Amino acid sequence: MRRALPTRTEAKTFAKQLREDLAAHGTPISHSQALEKIAHRHGFRDWNAMHGALLDLPAKKWSVGGRVTGAYLSQPFMATVLSVEPLRPGWHRLELDLDEAVDVVRFEGFSNFRKRIRIGIGPKGFSNERTSDGKPHLVLHP
């Protein structure tokens, strides 16, 4: 049975602690060897396999049922995360249910309100899609 996976930062911290503990007992190892040992403890064949698996995990703040805040088309919102789907390393497709619908049209004579958003988000918390003025469609606050 595989243990609950740590984050990449936690795994690297565990490796650093392991390395320091072993060095204190007269068995120095390299950082890469420590990473390999941490990967083996979690049931992976090597660090590269574990690192790849960790990249596919959604950020903890982007979990189903979690709450997020940000701006969609420069309009502030608060929302509940309905789904999280990995796209590629570091990128996820989120489906958000906004607390209040936002108007996605800037023209005064017309409105189009949107309450649900389904969009790809990168590791820095913003979408790859841009408006004509170069701003990301969606930005999530940390």
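Trainee: Where does Ser74 lie?

Mentor: Ser74 is in the loop between S1 and S2. Strands here are DSSP runs of E with at least two residues, helices are runs of H or I with at least four residues, and both are numbered from the N terminus. One caution: this is a predicted model, where local features need pLDDT of at least 70, side-chain atom pairs count only at pLDDT 80 or more, and totals for chains, interfaces and linings use all residues. Residues are numbered from 1 along each chain as its sequence is written, and side-chain values use heavy atoms, leaving out hydrogens and water.

Trainee: What is the phi of Ser74?

Mentor: Ser74 has a positive phi of about 70 degrees, although it is not a glycine.

Trainee: And which other residue is found in the loop between strand S1 and strand S2?

Mentor: Leu73 is found there, between S1 (67-72) and S2 (75-88). Leu73 is not a glycine either, yet its phi is positive, about 50 degrees.

Trainee: Is Leu73 buried or exposed?

Mentor: Leu73 counts as buried, at 16% relative accessibility. Ser74 is partly exposed, with a relative accessible area of 43%. Buried means under 20%, exposed means over 50%, and partly exposed is in between, using a 1.4 Å probe and protein chains only.

Trainee: How much of the protein counts as buried?

Mentor: 32% of its 142 residues.

Trainee: Zooming out, what elements does the protein have?

Mentor: Three helices and five strands. From the N terminus on, the order is α-α-α-β-β-β-β-β.

Trainee: What radius of gyration does the protein have?

Mentor: It has 20 Å, while a compact globule of 142 residues would have one near 14 Å. That radius is taken over C-alpha atoms, and the globule rule is 2.2 Å times the number of residues to the power 0.38. The C-alpha atoms fill a box of roughly 75 × 30 × 20 Å along the principal axes.

Trainee: On to the helices. Which residues of H2 are buried?

Mentor: In H2 (residues 31-41) they are Ala34, Leu35, Ile38 and Ala39. Seen down the axis of H2, they fall within an arc of 140 degrees, so they line one face of the helix. The arc is that of the directions from the helix axis to the C-beta atoms.

Trainee: Why would residues three or four places apart point the same way?

Mentor: An α-helix has 3.6 residues a turn, so residues at that spacing point the same way.

Trainee: What comes just after H2?

Mentor: Gly43, with a positive phi of about 85 degrees.

Trainee: At what angle do H1 and H2 pack?

Mentor: H1 (residues 8-24) and H2 pack at about 115 degrees, with their axes 8 Å apart. Axes are lines fitted to C-alpha atoms, for helices over the stretch in contact, and angles run from 0 to 180 degrees between N-to-C directions.

Trainee: Which residues make the contact?

Mentor: Among them are Phe14 and Leu18 of H1, and Leu35 and Ile38 of H2. Contact means heavy atoms within 4.5 Å.

Trainee: Last one: where does Ala53 lie?

Mentor: Ala53 lies in helix H3 (residues 47-56). Ala53 is partly exposed, at 22% relative accessible area.
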